Amino acid sequence: MKQILLTVAMLAVALTAGAQNKDQLLSSISKAEAATQNEKKATNPTTWIKYGDSFLDAYNSLMGDGWIGMSKTEAMLLGGAKPTSQEQVQINGNSFDVEHYEYRDLYYNANGLLEAIIVTKPIMDKDLLVQAREAYLKAAEVDAKGSKTKAINEKLVMLRDQFVNYAMSYYTLGNVEKAAFYFEESLPCGDNPVVNSIDSTIIYYTGITYNSLGNKEKAKTYFNRCLEIGYDQKGDVAAALSEIAKSEGNTDLAKQYLNDAFAKYPTSQSVLVSLINLYMETNDDPQKILDLIHQAQANEPKNASLVYAEGNVYKNLGDIDNAIKCYYKSVEIDPNYVYGIYSVGNTYFDEAIRVQTEMNELDLNDVEGYEALQKQFEQYLMDSIEPFEKAFEMTNETDMKIAVASALKQVYFRFRARGPQYAEGYQKYDQYLTSQGVQ
């Protein structure tokens with residue numbers, strides 16, 4: 001036991017010295033760089049691998065190697081130092097305990113686990129991860145015999161993970177600009193002859209982050225790359241590209257993106273809503289969307305989801321009667337299609353909320369208008385009960401059960417004084433939600 005504690009203590013001292021000894025880290029990098037400038041050594045891939053390692057070692061010394069997810073106690077044992085100060089911060093609605101050190105800040109989430117590490121005092125102007133990547137790629141370039149291909153592959157794959165982890169740390173803390181940079185810089189680690197692996201998810205994240213920053217050109221580059229490799233996120237990528245095209249005044253291209261996506265994913269709500277909004281903004285005929293759906297239905301008359309999609313179009317257009325007819329029809333086609341019957345109940349419930357909003361906006365003296373709206377409000381709630389009850393019995397999806405139970409609890413509470421069946425209904429769904437940890 002004593003030996004184990006001694007080993008941990010020695011490790012802590014070593015890592016602390018590494019994190020704090022800037023001159024030693026820079027000296028190692030300088031020594032490795034000198035070898036790359038030697039004409040003879042520069043043709044040896046090992047020289048460049050060691051050069052890359054010097055940057056990566058410096059990065060790990062500052063960041064900790066594999067620390068994310070550790071507890072404070074574990075990180076303290078490995079770091080071997082006390083923070084210079086501590087504070088609690090709120091970022092994007094999340095609470096973090098922040099420990100400040102000389103070169104880095106450690107962010108612990110509400111569960112006491114290390115969520116992010118940010119270097120606050122870089123040891124050099126050049127980015128350590130980027131320099132390591134360039135060195136490893138240079139090693140691959142001079143490795144004419146391919147003797148180091150496996151080693152270089154492993155280095156680049158490991159480095160890609162470091163880039164992505166650092167990007168996620170910044171994203172978690174709301175620094176989208178830095179997140180976009182590190183997502184983008186991770187891509188060459190895979191897109192090269194040695195690794196030859198395209199990370200579609202990271203390409204998508206790169207597009208997302210640049211888009212949120214307003215960098216439309218880079219966003220388009222990476223979103224279009226997603227489409228090229230078939231990573232379309234069920235139409236979400238096309239919807240994003242359509243928004244960019246629309247912001248640039250190219251409504252024809254915007255429609256093309258959405259129509260192509262809709263043909264492939266006719267039940268995608270994001271694509272559907274974007275299409276409807278675009279057609280309405282351009283004073284075009286929404287009937288064109290219905291025509292697309294009807295064409296798809298003709299090819300697959302027994303596809304309940306296509307009829308459901310038609311119902312969504314009508315609902316978004318405010319045609320509630322036709323929406324409900326389509327939802328019921330989808331269940332006639334497939335009696336197990338729970339989304340259809342759920343949407344009937346949800347449509348009535350949404351209409352009740354709409355009417356309630358109108359009631360709240362009425363003049364206080366408009367008693368007749370209020371009473372008329374109240375009747376509509378209560379009727380819509382009553383109409384939602386049966387389809388919601390059916391949906392609750394049909395589905396095994398916990399999220400849907402919770403959504404239905406939450407709505408039914410509110411409806412039954414409203415009518416609990418009208419009879420025992422309503423009071424019992426309220427108790428039933430209140431108990432279910434409690435059992436699921438939902439208040």
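This is a predicted model: local features need pLDDT of at least 70, side-chain atom pairs count only at pLDDT 80 or more; totals for chains, interfaces and linings use all residues.
User: Where is Gln233 placed in the chain?
Analyst: Helices (H or I, at least four residues) and strands (E, at least two) are DSSP runs, numbered from the N terminus. Gln233 has a positive phi, near 55 degrees, though Gln233 is a residue other than glycine. Its place is the loop between H9 and H10.

User: Is Lys234 buried or exposed?
Analyst: Lys234 also lies in the loop between H9 and H10. Its phi is positive, near 55 degrees, in a residue other than glycine. The relative accessible area of Lys234 is 60%, so Lys234 is exposed.

User: Which residue with a positive phi follows H9?
Analyst: H9 covers residues 216-228. The phi of the residue in question is near 80 degrees, and that residue is Gly230.

User: How far apart are the end C-alpha atoms of helix H9?
Analyst: The expected span of a helix is 1.5 Å times one less than its number of residues. For the 13 residues of H9 that should give 18 Å, and the model agrees, because the end C-alpha atoms are apart by 18 Å.

User: Which helices are included in what covers the buried residues of H9?
Analyst: The buried residues of H9 are Ala219, Tyr222, Phe223 and Cys226. They lie on the same side of H9, because they cover an arc of only 100 degrees around the axis, the arc being that of the directions from the helix axis to the C-beta atoms. In general, an α-helix has 3.6 residues a turn, so residues three or four places apart point the same way. With contact meaning heavy atoms within 4.5 Å, the cover includes helix H7 (176-186), helix H8 (200-212) and helix H10 (236-247).

User: Which exposed residues are on the face of H9 turned away from its buried side?
Analyst: The buried side includes Phe223. The face turned away from that side carries Glu217 and Glu228.

User: How are the rings of Tyr204 and Phe223 arranged?
Analyst: Rings of Phe, Tyr and Trp (its six-membered ring) pair if their centres lie within 6.5 Å; planes under 30 degrees apart count as stacked, over 60 as edge-to-face and the rest as tilted. By this rule the count comes to 26 aromatic pairs. Tyr204 and Phe223 have ring centres 6.3 Å apart and planes at 50 degrees, so the pair is tilted.

User: How many residues apart in sequence are the parts that the pair of Tyr204 and Phe223 ties together?
Analyst: Tyr204 and Phe223 are both buried. Tyr204 lies in helix H8 and Phe223 in helix H9, so the parts tied together are apart in sequence by 19 residues.

User: Which helices hold Phe413 and Tyr426?
Analyst: Phe413 and Tyr426 form a tilted aromatic pair, 5.4 Å centre to centre, with 50 degrees between the planes. Phe413 is partly exposed, at 39% relative accessibility, and Tyr426 is partly exposed too, at 23%. The two residues, 13 residues apart, are in helix H18 (residues 398-414) and helix H19 (residues 420-435).

User: Over the ring of which residue does the charged end of Lys72 sit?
Analyst: A charge sits over a ring if NZ of Lys or CZ of Arg is within 6 Å of the ring centre and within 35 degrees of the ring normal. Lys138 is one case, lying over the face of Trp48 at 5.8 Å from the ring centre. The charged end of Lys72 is 5.4 Å from the centre of the ring of Tyr108.

User: Which residues is Ser343 in contact with, leaving aside its neighbours within four places in sequence?
Analyst: Ser343 has its place in helix H16 (residues 338-361). Its relative accessible area is 7%, so Ser343 is buried. With those neighbours left aside, the contacts of Ser343 are Tyr308 and Tyr327.

User: What radius of gyration does the chain have?
Analyst: The secondary structure comes to 19 helices and four strands. The radius of gyration is taken over C-alpha atoms, and the globule rule is 2.2 Å times the number of residues to the power 0.38. A compact globule of 439 residues would be near 22 Å, but the chain has 30 Å.

Definitions and conventions: Residues are numbered from 1 along each chain as its sequence is written. Side-chain values use heavy atoms; hydrogens and water are left out. Buried means under 20% relative accessible area, exposed over 50%, partly exposed in between (1.4 Å probe, protein chains only).
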